[in-house]
Amino acid sequence: MTRAPDLAGLDIAFVDDDEDLREANVQALQIAGFKAAAFASAGALLAEIGPGFAGAVVSDVRMPGMDGIELFRRLKALDADIPVVLISGHADIAMAVAAMNEGAYDFIAKPYAGERLSETLRRAVEKRALVLENRRLRALTASAEKEEGLIGETPAISRLRQTIHDLADVEVDVLVLGETGTGKEVVANLLHRFGRRRDKPFVALNCGALPDSVIEGELFGYEPGAFTGAQKKRIGRIEHASGGTLFLDELESMPTSAQVKLLRVLEMREITPLGSNDTRKVDLRVVAATKVDLGDPAQRGDFREDLYYRLNIVTLRLPPLRERRRDIPLLFAHFLGRAARKYGREVPRLDRSVERHLVENDWPGNVRELVHFAERVALGLAGDLPITAAREDAGALSLPERLSAIEANLIREALEAHRGDVRATLEALGIPRKTFYDKLARYGITRAAYESE
């Protein structure tokens, strides 16, 4: 018995009980640039195919056992978005038209030209790729929303999400390194929420937002009369966080005197409030964040080296947005949709200037800057970047579909700018070679068309 071909990586599954016809058609499709394979029966295909099949199905209508119409209905039940093209003789046209009314992608009457089938399948494969991309984006966004904003699919973000899950229940203090706006507090919150301390307090303190004269009292608390103005007892942030997590942002801004006391807290898990001689035990996890590399003496400045080494057991680095440009469309789609819901607006159509800004801006404010930009776009207040209000007919394309169109245009522009040179285009786009060719196939872009004479 002949084993059915593997569907992984296929563009076209061609089903026909006539061996000569199916082999001839598959060969013609392969010559036309498709990754196609033949199946001798509907049952052979159904035994292999799943809802994640990335291509289209072509089937003859008249076949022994299960015919093409029944195959189409089985595939529709499996995944209604798999494009199915039916091939029929003239006597079967009425049946095929009825199947199209049920959702079949197209039917082609025999005899037919190879170009007719190829063109139909090219459109079908492109549509299928777009459907799967939309599903992927929706799934990523839904998953990221559950994790409160850690959105992205680049390797660095995927590894970070996994590391957070791995560390959540490990009783170890964590140092988070990242530029302003990269989401350091989001990471700290996730470490707290996924761990055993989730039902206890999450206490945050920005060390750079408080004067030196105030920060020690905020951290350690004080007794009445500890200093001028201390009229009643105050519980400090560290003691308040006991049982839970203390998040210290902009740790590099903490004054030296407070650093000495924090080191004792980390080593002994105890505090002494200002104006008191009594020590109090605390049970907490510390997550500290900094925007400078404290391991570099030039950047560390007067920050205590021993405190750095005490915190540097686990360091999580958050990449800036410019190092994860592939995540920008997904992030922007999420933030724009959220902003539109927040302000009770329709999601606007993206003007060309907005599309270019998403790609060309270096985003020095990182994700925070992108969030604010999405809110301005949602309100139609993007400064000199004009926004076209949504039209009723704009609903024909979802936001992921429009972002895919942006991506296709950027690839075409890069190819044009570099006259089809692959290496230069890859450098300009910053994507791997395999990804580049996959996207050319997905968007139907012919690289040779951009080569110089």
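**Ground rules.** I take axes as lines fitted to C-alpha atoms, for helices over the stretch in contact, and angles run from 0 to 180 degrees between N-to-C directions. Helices (H or I, at least four residues) and strands (E, at least two) are DSSP runs, numbered from the N terminus. The model is predicted, with local features needing pLDDT of at least 70 and side-chain atom pairs counting only at pLDDT 80 or more, while totals for chains, interfaces and linings use all residues. Residues are numbered from 1 along each chain as its sequence is written, and side-chain values use heavy atoms, with hydrogens and water left out.

**Confidence.** I checked pLDDT, the predictor's confidence in each residue, from 0 to 100. The protein averages 84, and 88% of the residues score at least 70. Over residues 386-397 the pLDDT is below 50, yet this stretch has 23 contacts in the model beyond near neighbours in sequence (contact means heavy atoms within 4.5 Å). Where pLDDT is low, the predicted coordinates should not be read in detail.

**Helices α3 and α4.** How do α3 and α4 lie to each other? Helix α3 (residues 68-78) packs with α4 at an angle of about 5°, and their axes are 11 Å apart. The two are therefore roughly parallel; angles under 35 degrees count as that, over 145 as roughly antiparallel, 65 to 115 as roughly perpendicular and the rest as oblique. I found Ile 69, Phe 72, Arg 73 and Lys 76 of α3 meeting Met 95, Ala 99 and Glu 102 of α4. By class, this contact has four nonpolar, no polar and three charged residues. For the classes, Ala, Val, Leu, Ile, Met, Phe, Trp, Tyr, Cys and Pro count as nonpolar, Asp, Glu, Lys and Arg as charged, and the others, Gly among them, as polar.

I traced an open sheet of five strands with parallel pairing, in the order β2-β1-β3-β4-β5 (two strands pair if DSSP finds at least two bridges between them). β2 (36-39) and β5 (106-109) stand at the edges with a single partner strand each, so one side of each has no neighbour in the sheet. Neighbouring strands are turned by 20° against each other on average, direction ignored. Helix α1 (residues 19-31) packs on this sheet, touching β1 (12-15) and β2, and its direction makes about 170° with that of β2. Strand β4 (residues 84-88) is joined to β5 by four bridges, and Val 85 has Asp 106 as its bridge partner in β5. Helix α4 (residues 93-102) lies across β4 and β5, running at about 165° to β5.

**Another sheet.** Which order do the strands take in the open sheet that includes β11? I read β7-β8-β11-β6-β12, with parallel pairing. β7 (202-206) and β12 (315-317) are at the edges, each with a single partner strand, so one side of each is left without a neighbour in the sheet. Strand β8 (residues 245-249) pairs with β11 (residues 285-290) over four bridges, and Leu 248 has Ala 288 as its partner in β11.

**Helices α14 and α15.** Helix α14 (residues 352-360) and helix α15 (residues 366-379) pack at an angle of about 180°, their axes 12 Å apart. That makes α14 roughly antiparallel to α15. Val 354, His 357 and Leu 358 in α14 meet Leu 370, Phe 373 and Val 377 in α15. I count this contact by class as five nonpolar, one polar and no charged residues.
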